[in-house]
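Hi,

Here is the model I promised to pass on. Have a look at it first, and my notes follow below.

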Amino acid sequence: MSTNTKAARAEDASVAPLRTPNDLGGNAAAAIATEINKLVADAFALYVKTKNFHWHVSGPHFRDYHLLLDEQAAEIFASIDPLAERVRKLGQTTLRSIGEIAKLSSVKDNDEAFVSPQDMIAELIADNKANTAAMRKAHEVCDEHNDVATASLLENFIDESERRTWFLFETSRGASR
């Protein structure tokens, strides 16, 4: 075995497991991962809440709401893996449990036995707006550390979140209470 190979193995052994190397300096990766992990937790919680409302919606617009919420839940779910994998690409760890999701998420559960369709839509509008704001905050952290890859990923998810808010808002217009 060559001296260079031994040196490379020794260097690899000194790197903590799961610490994928990257070129971000200082605490950049950790700061970005902290924000992205909150987004992953929020996405899981918003996915479950949206599915909850999808399963329990009722009323004259059932089919339209049921399909809209299913579509939105699928879009939210599709954001989870790219965000979590981005954390790993930064050499950090991501969520490991339901408990960690509950700890990090800002999305409030709704365990009510009945929620009117109008209240479901209003709640999801607020949650999606808050999700957009959290993504913008994470984007600012990325900008501070010149992490264009994570920022670019977030830009697409911000657009999707704004689209969900728009669709929910337009759905709620003229709804009787």
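Helices here are DSSP runs of H or I with at least four residues, and strands are E runs of at least two, numbered from the N terminus. This is a predicted model, so to speak: local features need pLDDT of at least 70, side-chain atom pairs count only at pLDDT 80 or more, and totals for chains, interfaces and linings use all residues. Residues are numbered from 1 along each chain as its sequence is written, and side-chain values use heavy atoms, with hydrogens and water left out.

The chain has 6 helices and 0 strands. Of its 177 residues, 39% are buried (under 20% relative accessible area; exposed is over 50%, partly exposed in between; 1.4 Å probe, protein chains only).

Now the salt bridges (a side-chain nitrogen of Lys or Arg within 4 Å of a carboxyl oxygen of Asp or Glu): the structure holds 10. In one of them, Glu-75 pairs with Arg-164, with the closest N and O atoms 2.7 Å apart. Glu-75 sits in helix α3 (residues 62-89) and Arg-164 in helix α6 (residues 148-172), so the pair ties together parts 89 residues apart in sequence. Arg-164 is buried at 6% relative accessibility, while Glu-75 is partly exposed at 21%.

Glu-35 and Lys-137 also meet in a salt bridge (3.8 Å, N to O). Glu-35 is buried, at 12%, and Lys-137 partly exposed, at 43%.

Cheers
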